[in-house]
Protein chains: 2
Amino acid sequence: MKKHLGAHAFAFPTPVYIIGSYGKDGKPNAMNVAWGGICSSEPPCVAISVRKSRRTYDNIMEKKEFSVNIPSRAHMKEADYFGIASGHKTDKFAASGLHAAKCPNVDAPCIEEFPLCLECRVIHTAEIGQHVQFVGEIVNVMVEEACLDDAGLPDIEKLAPMLYDPAHSVYNATGEFLGKAFSVGKGFMKK
Amino acid sequence: MKKHLGAHAFAFPTPVYIIGSYGKDGKPNAMNVAWGGICSSEPPCVAISVRKSRRTYDNIMEKKEFSVNIPSRAHMKEADYFGIASGHKTDKFAASGLHAAKCPNVDAPCIEEFPLCLECRVIHTAEIGQHVQFVGEIVNVMVEEACLDDAGLPDIEKLAPMLYDPAHSVYNATGEFLGKAFSVGKGFMKK
């Protein structure tokens with residue numbers, strides 16, 4: 001029996017993306033975003049939603065480029081701080097002690113201490129309710145070498161990314177391997 | 001030191017959404033989508049990306065409504081099957097043994113055996129590369145009563161949703177509680 005909860009943004013999981021952007025003045029900013037996800041395979045694209053009041057909104061409108069950085073749980077406190085402080089008032093990099101480096105392919109900062117960075121160029125913008133959705137084409141993925149597996153692919157256990165639970169505003173870890181996609185369901189194909 | 005992997009849809013985590021839709025003929029279909037995420041708080045909205053070749057694309061274009069169903073790991077095989085079989089050729093509900101029920105507020109089916117269902121109305125559509133992104137306003141959330149906590153909110157451990165790893169095409173579990181958002185990072189505010 002299902003209970004009706006009304007209209008809420010309750011989906012599981014949502015990600016923890018830290019958006020890197022530069023201001024007109026060249027200063028790097030970082031913002032914590034849970035509203036986003038991959039939205040195309042070819043070209044690979046990621047969507048993120050940002051309110052107009054944010055410094056990150058001004059920065060992306062100016063530069064049309066941004067980065068999506070995925071923190072490990074080891075940096076949960078810094079990642080959370082990026083979602084509390086305002087980029088209009090604070091140099092979040094100075095306060096957190098983390099370091100920004102210019103991305104090689106886009107005019108946005110990469111967060112050096114975080115293991116995965118998507119370099120993105122805006123190809124579509126839409127106003128969705130209180131948020132503006134930026135769709136970025138992922139022009140390059142950068143991954144910390146220690147977080148790659150033997151095949152040279154990002155390893156989710158080594159990355160140790162976090163999940164955001166929108167019903168309780170908490171962070172969770174990722175868990176164990178369950179099964180192979182496009183494979184474990186094949187049994188039903190015979191029926 | 002970060003290694004450059006080129007352009008890929010590598011973000012962690014991505015969700016496992018099963019999209020419910022009705023055809024012109026009233027037949028329910030279900031499709032597995034990993035490209036999606038929440039994209040607005042007010043009104044709550046969720047974005048999903050679907051290729052034009054899919055039955056789900058035809059159905060949503062016709063009805064302008066759909067559901068996002070989140071399976072528990074107990075139904076990993078059925079959820080995976082929904083991503084392998086074609087809705088053009090198969091009655092996926094008959095083959096999987098799962099049951100579709102009409103959503104109370106939108107013209108789309110809910111999957112009875114899955115613990116969480118978002119009832120969605122399309123408010124924005126965009127072509128992004130090979131995919132079409134549908135943004136649905138979430139008009140109601142339905143959750144299996146056994147998956148609610150004492151406060152009446154969906155409990156991630158009871159829901160037991162899955163993650164999709166786009167680098168390896170595998171499913172992972174969600175993991176343990178790590179910390180409170182908008183809280184664990186407050187220490188940096190004093191600096």
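A:Lys64 is placed in the loop between α1 (55–63) and β7 (65–70) of chain A. In this predicted model, the phi angle of A:Lys64 is near 60 degrees, a positive value in a residue other than glycine. A:Lys64 counts as partly exposed because 17 C-beta neighbours lie inside 10 Å, a count between the limits of 12 or fewer for exposed residues and 20 or more for buried residues. In chain B, B:Lys64 is found in the loop between α1 (55–63) and β7 (65–70). The phi angle of B:Lys64 is likewise near 60 degrees, again positive in a residue other than glycine. With 17 C-beta neighbours inside 10 Å, B:Lys64 is therefore also classed as partly exposed.

Cis peptide bonds were identified in the model, including one in chain A and one in chain B. The bond from A:Glu42 to A:Pro43 is cis, with omega near 0 degrees. A:Pro43 belongs to the loop between β5 (36–40) and β6 (45–51) of chain A. In chain B, the peptide bond from B:Phe12 to B:Pro13 is cis, with omega near -5 degrees. The loop between β1 (2–6) and β2 of chain B contains B:Pro13.

The relation between the chains was examined next. Chain B is superposed on chain A by a rotation of 180 degrees with 0.0 Å of shift along its axis, at an RMSD of 0.0 Å. This is the relation of a two-fold axis.

At the interface, 94 residues of chain B are in contact with 94 residues of chain A. On the side of chain B that touches chain A, the most is given by strand β13 (residues 170–180) of chain B, which supplies 11 residues. By class, this side of chain B comprises 55 nonpolar, 25 polar and 14 charged residues. Of the interface residues of chain B, 100% are also interface residues in chain A, so the copies meet through the same surface.

Strand pairing also joins the two chains. Strand β13 (residues 170–180) of chain A pairs with β13(B) in the antiparallel sense over seven bridges. Within this pairing, A:Phe177 stands opposite B:Asn172 in β13(B), and the bridge partner of A:Gly179 in β13(B) is B:Tyr171. The β13 strands of both chains take part in an open sheet of six strands, with antiparallel pairing and the order β2(A)-β12(A)-β13(A)-β13(B)-β12(B)-β2(B). At the edges of this sheet stand β2 (14–15) of chain A and β2 (14–15) of chain B; each has a single partner strand, so one side of each is left without a neighbour in the sheet.

B:Gly37 and B:Pro154 are separated by 117 residues in sequence and by 17 Å in space, C-alpha to C-alpha.

Technical notes:
Residues are numbered from 1 along each chain as its sequence is written. Chains are lettered from A and ligands numbered from 1 in the order in which they are written. This is a predicted model: local features need pLDDT of at least 70, side-chain atom pairs count only at pLDDT 80 or more; totals for chains, interfaces and linings use all residues. Two residues are in contact if their C-beta atoms, placed from the backbone, lie within 7 Å. Helices (H or I, at least four residues) and strands (E, at least two) are DSSP runs, numbered from the N terminus. Ala, Val, Leu, Ile, Met, Phe, Trp, Tyr, Cys and Pro count as nonpolar, Asp, Glu, Lys and Arg as charged, and the others, Gly among them, as polar. Two strands pair if DSSP finds at least two bridges between them. Copies are superposed by least squares on the C-alpha atoms of residues with pLDDT of at least 70 in both.
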